[in-house]
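Trainee: I would like to go through the labels on this model and see what backs each one. Can we take them in turn?

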Amino acid sequence: MKIIRVATAEQGAEIAAELFVEAADSYPRDPVGLATGGTMAGVYRHLAKTGFTPRCSEAFALDEYFGIPDTHENSYANELNREFSKGLGWNGTIHTPGQGPYAGLHGPEKFEQTIQELGPLSVQLLGLGVNGHIAFNEPGSPFDSKTRVVDLEPSTIQANSVYFADPAEVPNQATSQGLATIAQAKKLILIVFGSAKQAALTKALHSPDETTPLAALNQHSNITLITYLET
Ligand code: GLP
């Protein structure tokens, strides 16, 4: 794993945006992999500032809350439409697990088939949850997992409630790409800011085991971590 130490989240988001552009432009026909949340919002702001528009026509989202429509203010589909598609003036398609053609019982399987058909992704953005989750692969997720519906841990529901007007509305399930799905991307850019994530990052880097989902990706041949935390 390559580690880039930065002084601030702002600087980290700028570097992440540069690496994303470089990777996406190296394989311009391949889809890109998108993530959501507070950390990624900064990366998308920097991408928009540079005037970058992806040359690919497809993108894949990492995860999505289960049971909320794509028009819901807090759906990841809506967030990516706002911050990535509209933000960058890009007209491509974002495939979101659990939404549109990927809703319903066979949706996760269909999403997995589509990513196999159109992938591998040139680059996948990744954040880390306070409890160490990657996408919505909670601690203990199998390293060979594929896209599926998962139960969210109470700590995840609590951490993400800050984004909801009514904290009681946070879904308790999600559809998430699996760790084996994520590992297929050609490049992984992992961005970890915030002292609340220090413990999870330290454990994943220094005592990786089945409770640290990042351990499934630690040995990826092209993974870069951008952080100001201690490593
Ligand atoms: C969320 C998402 C993850 C994201 C992580 C960090 O729950 N499912 O994909 O990377 O948690 O989010 P944030 O940047 O808001 O801390």
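This is a predicted model: local features need pLDDT of at least 70, side-chain atom pairs count only at pLDDT 80 or more; totals for chains, interfaces and linings use all residues.

Trainee: What makes arginine 55 and aspartate 25 a salt bridge?

Mentor: Their closest N and O atoms are 3.6 Å apart. The cut-off is within 4 Å, so the pair counts. Arginine 55 sits in the loop between helix H2 (38-50) and strand S3 (58-61), and aspartate 25 in helix H1, 30 residues apart.

Trainee: Why is arginine 55 called exposed?

Mentor: Its relative accessibility is 58%. Exposed means over 50%, so the label holds.

Trainee: Which label does aspartate 30 get, buried or exposed?

Mentor: Its relative accessible area is 17%. Buried means under 20%, therefore aspartate 30 is buried.

Trainee: How do you know that aspartate 30 and lysine 186 form a salt bridge?

Mentor: The N to O distance is 2.4 Å. That is within 4 Å, so the pair qualifies. The pair ties together parts that are 156 residues apart in sequence, because aspartate 30 lies in the loop between H1 and strand S2 (32-34) and lysine 186 in the loop between helix H6 (179-182) and strand S9 (188-192).

Trainee: Why is lysine 186 called partly exposed?

Mentor: Its value is 28%.

Trainee: What makes strands S4 and S8 a pair?

Mentor: Three bridges join S4 (residues 63-65) to S8 (residues 173-176). Pairing needs at least two, so they pair. The strands run antiparallel. Aspartate 63 has serine 176 in S8 as its bridge partner.

Note on methods:
Residues are numbered from 1 along each chain as its sequence is written. Side-chain values use heavy atoms; hydrogens and water are left out. Helices (H or I, at least four residues) and strands (E, at least two) are DSSP runs, numbered from the N terminus. A salt bridge is a side-chain nitrogen of Lys or Arg within 4 Å of a carboxyl oxygen of Asp or Glu. Buried means under 20% relative accessible area, exposed over 50%, partly exposed in between (1.4 Å probe, protein chains only).
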